[in-house]
Structures are given as C-alpha cells and as structure tokens.
Amino acid sequence: MFSIDEINEMLDEIAAELPEEVFRELNGGVSLLPDTRLSNAAPDGGLYTLGEYRRDQMGRYIVIYYGSICAVHGSASREQMQKHLRDLLTHELTHHIESLAGERDLEIEDERMLEDYFRRK
C-alpha cells in the first residue's frame with residue numbers, strides 16, 4: 001500500500017504531464033484528502049467515491065479520497081496505481097472541462113454506469 005504522500009506525489013507528476021489548459025478556471029485545484037468516502041448512490045455500502053469534481057461557492061475544484069483509493073486499489077503495483085490515478089484525474093478533469101462548456105455528457109454516462117451496476121447486482 002502507498003502512503004498518502006506517495007499518492008500525492010504521483011498525482012502531482014500526472015498533473016504536471018497534462019496540458020495547462022485543462023486546469024483553466026480550476027481555482028481550487030486538486031486536493032487529496034485522507035478520507036474514505038462511500039458512494040451516495042449505494043447507501044448500503046460497497047461502492048466507493050474515489051474522487052469528485054465540485055463547483056460551489058468555493059469555486060471549481062477536484063477532491064481525491066486517499067482512503068477510498070486504498071480500499072479499491074490498495075494492492076496495486078506502482079505502475080497500476082499510476083494508471084488508476086491518471087484515469088481518475090483525467091475523469092474528474094473531463095467533468096471540469098464539460099462544466100466550463102455547459103455540457104454533462106460524462107455525468108450522464110456515470111449515471112448510466114451506476115444504473116448498469118445496480119441492474120447486475
């Protein structure tokens with residue numbers, strides 16, 4: 001398992017590789033919190049929220065949950081973890097970019113994926 005500092009370092013490295021434009025108007029940046037967050041969509045548990053794009057009175061920002069990442073990907077190798085984190089960060093940044101454009105395509109796709117998950121369960 002990786003420490004919160006190691007995950008933070010990986011996220012910083014991934015962010016540095018991305019074009020600066022994707023962070024435009026993301027005034028709150030990307031925060032890594034130690035929390036484990038269960039999904040609101042599954043009140044009975046079992047689904048974790050790894051990250052969230054937020055737009056509220058504090059501005060636009062991304063929150064990543066270290067505890068959730070450990071719960072879901074705790075046994076991943078460094079290479080696997082970097083891929084999971086890259087996928088997570090680009091997913092949340094896509095929400096940000098779509099929000100700037102007034103679009104909700106990824107949000108709708110996320111809802112469909114949850115519906116499919118519960119249908120299979």
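This is a predicted model: local features need pLDDT of at least 70, side-chain atom pairs count only at pLDDT 80 or more; totals for chains, interfaces and linings use all residues.
Residues are numbered from 1 along each chain as its sequence is written. Local features need pLDDT of at least 70, side-chain atom pairs count only at pLDDT 80 or more, totals for chains, interfaces and linings use all residues, and side-chain values use heavy atoms, leaving out hydrogens and water.

User: At roughly what angle do the axes of H1 and H3 cross?

Analyst: Helices here are DSSP runs of H or I, at least four residues, numbered from the N terminus. Axes are lines fitted to C-alpha atoms over the stretch in contact, with angles from 0 to 180 degrees between N-to-C directions. H1 covers residues 4-17 and H3 residues 78-101; their axes come within 10 Å and cross at roughly 60°.

User: So what does that make H1 relative to H3?

Analyst: Under 35 degrees is roughly parallel, over 145 roughly antiparallel, 65 to 115 roughly perpendicular, and the rest oblique. With the axes crossing at roughly 60°, H1 is therefore oblique to H3.

User: How many nonpolar residues does the H1 contact with H3 have?

Analyst: Contact means heavy atoms within 4.5 Å. Ile7, Met10, Leu11 and Ile14 are among the H1 residues there, and Met81, Leu85 and Leu89 among those of H3. By class, there's 1 polar residue and 5 charged, and the nonpolar count is 8.

User: And which H4 residues meet H3?

Analyst: The axes of H3 and H4 come within 8 Å and cross at roughly 130°, so this pair is oblique too. From H3 come His91, Thr94, His95 and Glu98, and their partners in H4 are Asp105, Leu106, Glu107 and Asp110.

Terms used. Helices (H or I, at least four residues) and strands (E, at least two) are DSSP runs, numbered from the N terminus. Ala, Val, Leu, Ile, Met, Phe, Trp, Tyr, Cys and Pro count as nonpolar, Asp, Glu, Lys and Arg as charged, and the others, Gly among them, as polar.
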